[in-house]
Amino acid sequence: MWLLDTSNGKLCYIADPAQENYAILSHVWITGKEQSFQDLQRLHELSTTEALHDRANRLAGRAPRSVFYKASEKIRECCAFARARGYRWLWVDTCCIDKTSSAELSEAINSMYQWYQQSGVCYAFLHDVDDEDDPRAPGSQFRQSRWFRRGWTLQELIAPQELVFIGRQWRPFGTKASLAGVVEEITGIERAILEHRRPLSSVSVARRMAWAAKRKTTRVEDEAYSLMGIFGVNIPTIYGEGRNAFYRLQEEILRHIPDQSIFVWGPLVYDRYRWPCSQFGQSPIADSEFEDPPYRYLFAPSPTAFDHSASISPISLDDFQREIGMEVPVPEYTITSYGIHANLMLVPLWKPEAGIDQAPDVQLEVQQADGTAKQQQVKVHIALLACKDTEDGLMALILRAPLDQGHGQYTTGCRYDAGFVRGASLRCLQDVLNRSQEGSTGPPAPKLSSIYVPYRPFELPVDSYADRHGRRGRRFKLEDGSASDADAQPRTPMFLCPCEVVIEQWSVARLRKAGYVVRLPSNDDNTALQIWGEDPSVQIVLSRGCANSAPVHIVLRPCTVTHTTLIPPPLTALVGFGSPPAEDPRRRIAPITYSLEPMSETCKKIHVPEWPDAAQEYVEPGTGRTGRTVRLSFTSWTDYLDSGNSTGMYSMAIEIREASDRE
């Protein structure tokens with residue numbers, strides 16, 4: 001651990017920080033105003049002028065100038081604040097970690113909670129709180145401070161025994177103990193936890209996750225790394241893995257903490273919500289492909305999913321056995337490629353009536369081994385969990401599976417008319433369970449079942465720039481409001497402008513072999529033609545030395561007529577023999593009001609999107625069977641709506657057939 005000497009600004013490596021009494025800083029990073037490990041090392045490198053100045057001071061009997069005058073205001077003021085209170089050593093995350101060393105960075109991240117625990121004092125610098133602010137007042141700067149909304153500061157609040165809040169002017173205005181009531185209101189963290197009167201392990205996994213639900217981190221991986229100390233686990237730090245980090249964190253928590261509240265997140269139903277619980281006795285409806293996929297797994301995609309799970313707490317196995325009235329073995333979990341293998345107490349909730357087929361739109365889509373999807377009828381169970389809601393009691397996870405399966409594979413959650421649900425309190429399900437047990441006054445008895453449940457997506461979708469900004473997206477809605485799967489059918493190329501058209505090299509080679517000279521607008525061999533702007537006509541000329549062979553002119557441009565204001569103009573292609581093709585006399589004039597007019601036959605002939613298979617043939621006029629035929633065929637490499645810079649990229653092949661070739 002590197003510690004900063006508050007007297008001279010030098011960094012010193014301490015092998016066992018538990019033997020030192022040091023202060024530690026908690027703060028929010030300000031972009032462009034923080035100094036790194038290397039920056040601090042360079043403070044002690046004197047220029048020639050600085051060295052002469054220091055020598056003159058020594059000769060005059062004056063102390064050399066401190067390096068702190070070159071340090072950032074935050075480091076300078078924090079060192080002075082700690083030094084004035086008797087602390088020689090200070091740790092600041094910006095400058096006391098050599099982030100050029102991945103090993104040192106990983107060690108620091110995995111040790112950080114412990115370092116805050118071991119510190120003599122933690123100074124929480126809130127740069128957005130003034131001296132005049134009353135932290136207890138509603139709407140105070142203290143309550144609104146960014147410090148309470150950052151991911152890393154959660155562990156920095158909980159871990160240290162003593163924490164002093166410091167305002168913008170570097171004056172203390174309270175401690176964690178003196179403001180514990182206000183901090184509890186802001187964060188939801190119990191005062192006993194803040195004051196270390198209760199161990200952190202006494203808080204459920206779901207509640208600890210809920211503390212972080214509204215906090216943000218700059219790097220998505222830090223959503224997981226900043227919580228390792230909160231749960232007392234360690235995982236390797238791999239920046240660049242994205243959401244995988246949070247899934248790995250939950251795997252490690254499941255291995256070390258016997259708490260099934262880790263499964264209770266996302267859309268939950270409690271009796272106090274007055275949700276129409278009778279819907280649990282009905283057939284689930286088809287999932288929404290826009291909203292439901294993240295909820296189908298045992299593990300949450302981010303801490304945000306636990307926003308409404310703070311009231312969930314685990315119960316002992318003995319209490320759980322008394323609740324359900326039967327013996328329960330110790331839960332065991334095995335992570336497999338089919339999901340998490342677990343033995344859970346299942347109760348049937350719903351299945352189709354005998355002899356009645358389920359409607360196709362409420363069947364479960366099951367992926368086959370060959371990658372195809374198959375629609376199957378579903379059954380719904382609940383898995384009783386050893387955890388309770390503070391008001392509604394025992395919680396249950398909703399699971400669904402193909403009706404005729406025999407291998408115990410389930411998916412989490414179902415969609416009903418009132419919305420998608422992952423779990424519910426047993427109190428909400430009681431009436432439905434009682435009705436499902438025909439001829440009996442009580443609900444069906446739970447049955448210990450060996451099941452597999454997917455705990456994370458097989459692959460994490462990564463949206464392109466075009467997807468993120470909604471120009472196309474992987475999925476879209478039809479006019480009737482139903483969902484259309486873009487993967488079910490190939491996308492139809494739109495061939496819009498602006499665009500870049502690349503002439504296929506093989507077609508250029510064939511033309512030259514046939515004796516044609518290919519003249520491009522740039523007068524070089526660059527066959528990538530850029531078609532920008534309102535009317536950027538691009539002309540390609542193909543000529544031969546034969547006197548009886550007229551040159552072929554090919555013109556590419558955006559359409560000069562406005563058909564709609566909703567999309568950019570389509571790409572057009574025209575061919576002329578002997579001279580350039582005639583220009584359309586009409587100009588691109590925006591209509592006063594939008595109306596979709598039928599496209600003229602003239603435009604249909606020249607619009608590339610209107611051509612069958614994006615190909616068109618032009619026969620040399622007046623030559624009959626002895627003339628040439630020019631064929632243009634286009635292929636979409638990157639369509640306009642899929643492009644990151646709103647520019648399509650298309651290829652064009654040019655083929656010329658002589659009359660003898662046709663015969």
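Which residues line the largest cavity? I opened the notebook with this, keeping in mind that the model is predicted, that local features need pLDDT of at least 70 and side-chain atom pairs pLDDT 80 or more, while totals for chains, interfaces and linings use all residues. I number residues from 1 along each chain as its sequence is written, and side-chain values use heavy atoms, with hydrogens and water left out.

**Entry 1, the largest cavity**

I looked up the lining and found Gln-260, Leu-317, Phe-320, Val-328, Pro-329, Pro-331, Asn-343, Leu-344, Met-345, Leu-384, Ala-386 and Leu-448. On a 1 Å grid over the protein atoms alone, a cavity is a set of points where a 1.4 Å probe fits but cannot get out, and lining residues have an atom within 4 Å of a point. Grid points are joined across faces, edges and corners, and a volume is the space filled by probe spheres set on the points. I noted a volume of about 80 Å³ for the largest cavity, and a count of 4 cavities of 30 Å³ or more.

Elements supplying at least two residues each are α13 (317-324), β11 (339-350) and β14 (378-389), with β11 giving the most, 3 residues. Helices (H or I, at least four residues) and strands (E, at least two) are DSSP runs, numbered from the N terminus.

I then turned to a pocket, an open set with protein on both sides within 12 Å along at least five of seven lines. The second largest pocket has a volume of about 620 Å³ and a lining of 25 residues, with Trp-29, Asp-93, Trp-152, Thr-218 and Asp-222 nearest its centre. Two or more lining residues come from each of α4 (102-118) and α6 (153-158), and α4 has the largest share, 3 residues. I recorded 9 nonpolar, 7 polar and 9 charged residues for this lining.

Last, I traced an open sheet of 7 strands in the order β2-β1-β4-β3-β5-β6-β7, with mixed pairing; two strands pair if DSSP finds at least two bridges between them. β2 (11-13) and β7 (172-175) are at the edges with a single partner strand each, so one side of each has no neighbour in the sheet. Strand β1 (residues 2-5) pairs with β2 in the antiparallel sense over 3 bridges, and I found Leu-11 of β2 as the bridge partner of Leu-4.

Conventions
Nonpolar A, V, L, I, M, F, W, Y, C, P; charged D, E, K, R; others polar.
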